Amino acid sequence: MSSTPPDPEWLAGLDRAELEAIQESPEGRRLLAAAWFKEAYRHQMRGDLKSAEQCYLRSIELSPTAEAYTFLGWTYSFMGQVELAIDQCKLAIATDPEFGNPYNDIGAYLIEQGEYEEAIPWLEQAMTAPRYEARHYPYFNLGRVQEALGDWEAALQLYRQALQLDPEYKLAHRRLLQLQARLN
């Protein structure tokens, strides 16, 4: 890491000895990593991608998690560095193969690159990942793949499945209506 952002406010009250003591215990490292992750996400949502990258890297250095690798990948994708994003997602999968987000993210990155066939197995793995709260995303993304490949019936079914999982998912509503209109 070449340069790090200034320590966030939550570290300001700790002196060097306290910080070193915290970092010596595995639980302390996990707590600090989680705090750096939150700081990274805050920067990312503000659009400060370089600071987000540095904070995610600090979090990973302290205690690597699939979430930190995945969100670092997401940051890289926003920076236009899709290959780095995919690499981070693969590290996330190696860290926790049950976490669904990185599978979906790889699939989405491949879709954006026009590599539809290559995206399919990643999205299918996301659909069945044991630990995945946003399961509607891989259904939607696989619908996008099927639509791009010309299998409109499969795309319609996948958009419907995404909406069954999240009835409020506006993108799936929009794509479903657009595709239905095109077929009528």
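Modeller: Helices here are DSSP runs of H or I, at least four residues, numbered from the N terminus. This is a predicted model, where local features need pLDDT of at least 70, side-chain atom pairs count only at pLDDT 80 or more, and totals for chains, interfaces and linings use all residues. Residues are numbered from 1 along each chain as its sequence is written, and side-chain values use heavy atoms, with hydrogens and water left out.

Colleague: Which residues in α8 are buried?

Modeller: A119, I120, L123, A126 and M127. Buried means under 20% relative accessible area, exposed means over 50%, and partly exposed is in between (1.4 Å probe, protein chains only).

Colleague: And what covers the buried residues of α8?

Modeller: The cover includes α7 (101-112), α9 and α10 (152-165).

Colleague: Let's go to α9, then. Is N141 buried or exposed?

Modeller: N141 lies in helix α9. It is buried, with a relative accessible area of 6%.

Colleague: What is N141 in contact with, leaving aside neighbours within four places in sequence?

Modeller: N104, A108, I111 and L123. Contact means heavy atoms within 4.5 Å. L123 is also one of the buried residues in α8.

Colleague: Switching to charges. How many salt bridges does the structure hold?

Modeller: Nine. The criterion is a side-chain nitrogen of Lys or Arg within 4 Å of a carboxyl oxygen of Asp or Glu.

Colleague: Which parts does the salt bridge of R175 and E147 tie together?

Modeller: The closest N and O atoms of R175 and E147 are 3.4 Å apart. R175 lies in helix α11 (residues 170-183) and E147 in helix α9 (residues 136-148), so the pair ties together parts that are 28 residues apart in sequence. E147 is buried at 11% relative accessibility. R175 is partly exposed at 25%.

Colleague: Where do R58 and E61 lie?

Modeller: Both are in helix α4 (residues 49-62), three residues apart, about one turn of the helix. R58 is buried at 16%, while E61 is partly exposed at 47%.

Colleague: What about E27 and R30: how many residues apart are they in helix α3?

Modeller: Three, in a helix that runs over residues 26-46, so about one helical turn separates them. E27 is partly exposed at 42%, and R30 is partly exposed at 43%.

Colleague: Which residues are linked in a network of salt bridges?

Modeller: E67, D96 and R131.

Colleague: Last topic, helix packing. At what angle do α5 and α6 cross?

Modeller: Roughly 170°, with the axes of α5 (residues 66-78) and α6 (residues 82-95) coming within 8 Å. Axes are lines fitted to C-alpha atoms, for helices over the stretch in contact, and angles run from 0 to 180 degrees between N-to-C directions. The two helices are therefore roughly antiparallel (angles over 145 degrees).

Colleague: Which residues make the contact?

Modeller: From α5, A66, Y69, T70, L72, G73, Y76 and S77. From α6, L84, A85, Q88, L91, A92 and T95.

Colleague: And by class?

Modeller: Eight nonpolar, five polar and no charged residues. Ala, Val, Leu, Ile, Met, Phe, Trp, Tyr, Cys and Pro count as nonpolar, Asp, Glu, Lys and Arg as charged, and the others, Gly among them, as polar.

Technical notes
Parallel < 35°, antiparallel > 145°, perpendicular 65-115°, else oblique.
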